[in-house]
Amino acid sequence: MNDISDSSSPQSKAAEPPRGIVCPRCGCCHFRTTHTEPLRSGRIRRRKVCRHCGRRMVTYELPPGMAGPDRYM
Ligand SMILES: [Zn+2]
């Protein structure tokens with residue numbers, strides 16, 4: 001069985017959901033975060049590695065509290 005879905009978008013960086021990411025290779029959802037880096041834009045870049053097949057992914061997550069108005073001094 002080949003689970004190659006041709007309808008999947010190859011490069012959709014901005015459309016990365018913050019939760020519920022699924023490995024495009026094996027389809028599992030068990031990831032191990034190897035690196036966390038806060039960006040200046042307020043987002044958090046996380047490098048994750050699939051615990052199943054070792055597929056590396058990069059997610060851009062928006063931390064809670066950034067949706068409101070800026071209250072920084
Ligand atoms: Zn995988």
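Predicted model: local features only at pLDDT ≥ 70, side-chain atom pairs only at ≥ 80, totals over all residues.
How many bridges join β1 to strand β2? Seven, and the two strands run antiparallel. The notes below take the rest of the model in turn.

1. The protein chain holds zero helices and three strands. Read from the N terminus, its elements run β-β-β. Of the 73 residues in the protein chain, 3% count as buried. As for contacts between residues at least 6 apart in sequence, 32% join residues at least 24 apart.

2. **The sheet.** The three strands make an open sheet, ordered β1-β2-β3, with antiparallel pairing. β1 (31-38) and β3 (56-61) stand at the edges. Each has a single partner strand, so one side of each lacks a neighbour in the sheet. From one strand to the next, the twist averages 25°. As background, strands of a sheet pair through backbone hydrogen bonds, in either a parallel or an antiparallel way.

3. **β1 against β2.** Strand β2 covers residues 44-50. Arginine 32 stands opposite valine 49 in β2. Histidine 35 has arginine 47 of β2 as its bridge partner. Threonine 36 stands opposite arginine 46 in β2. The hairpin of β1 and β2 has five residues between the strands. Within that hairpin, glycine 42 takes a positive phi near 105°.

4. **β2 against β3.** Here six bridges join the strands, which run antiparallel. Lysine 48 stands opposite methionine 57 in β3. Valine 49 has arginine 56 of β3 as its bridge partner. Valine 49 is also the β2 residue opposite arginine 32. β2 and β3 form a hairpin with five residues between them. In its turn, glycine 54 has a positive phi of about 85°.

5. **Lysine 48.** Leaving aside neighbours within four places in sequence, lysine 48 is in contact with Phe31, Arg32, Thr33, Thr34, Met57 and Thr59. Among these is Met57, the residue that lysine 48 stands opposite in β3. Histidine 30 is 18 residues from lysine 48 along the chain, and their C-alpha atoms are separated by 9.5 Å.

6. **The end of β3.** Tyrosine 60 is in strand β3. Tyrosine 60 is partly exposed, because it has 14 C-beta neighbours inside 10 Å. Tyrosine 60 and isoleucine 44 are 16 residues apart in sequence, yet 5.6 Å apart in space, C-alpha to C-alpha. Glutamate 61 also belongs to strand β3. With 15 other C-beta atoms within 10 Å, glutamate 61 is partly exposed. Glutamate 61 and proline 38 are 23 residues apart in sequence and 9.4 Å apart in space, C-alpha to C-alpha.

7. **Before the sheet.** Where does valine 22 lie? Valine 22 is in the segment before β1. Not counting residues up to four places away in sequence, valine 22 touches Gly27 and Cys29. Valine 22 and cysteine 50 are 28 residues apart along the chain, and their C-alpha atoms are separated by 9.2 Å.

8. **Recap.** Two hairpins link the strands: β1 and β2, with glycine 42 at a positive phi, and β2 and β3, with glycine 54 at a positive phi. Seven bridges join β1 to β2, and six join β2 to β3.

Technical notes. Residues numbered from 1 in each chain as written. Pairing = 2+ DSSP bridges. Helix = DSSP H or I, 4+ residues; strand = E, 2+ residues; numbered from the N terminus. Axes fitted to C-alpha atoms, helices over the stretch in contact; angles between N-to-C directions. Buried ≥ 20, exposed ≤ 12 C-beta atoms within 10 Å, placed from the backbone. Contact = placed C-beta atoms within 7 Å.
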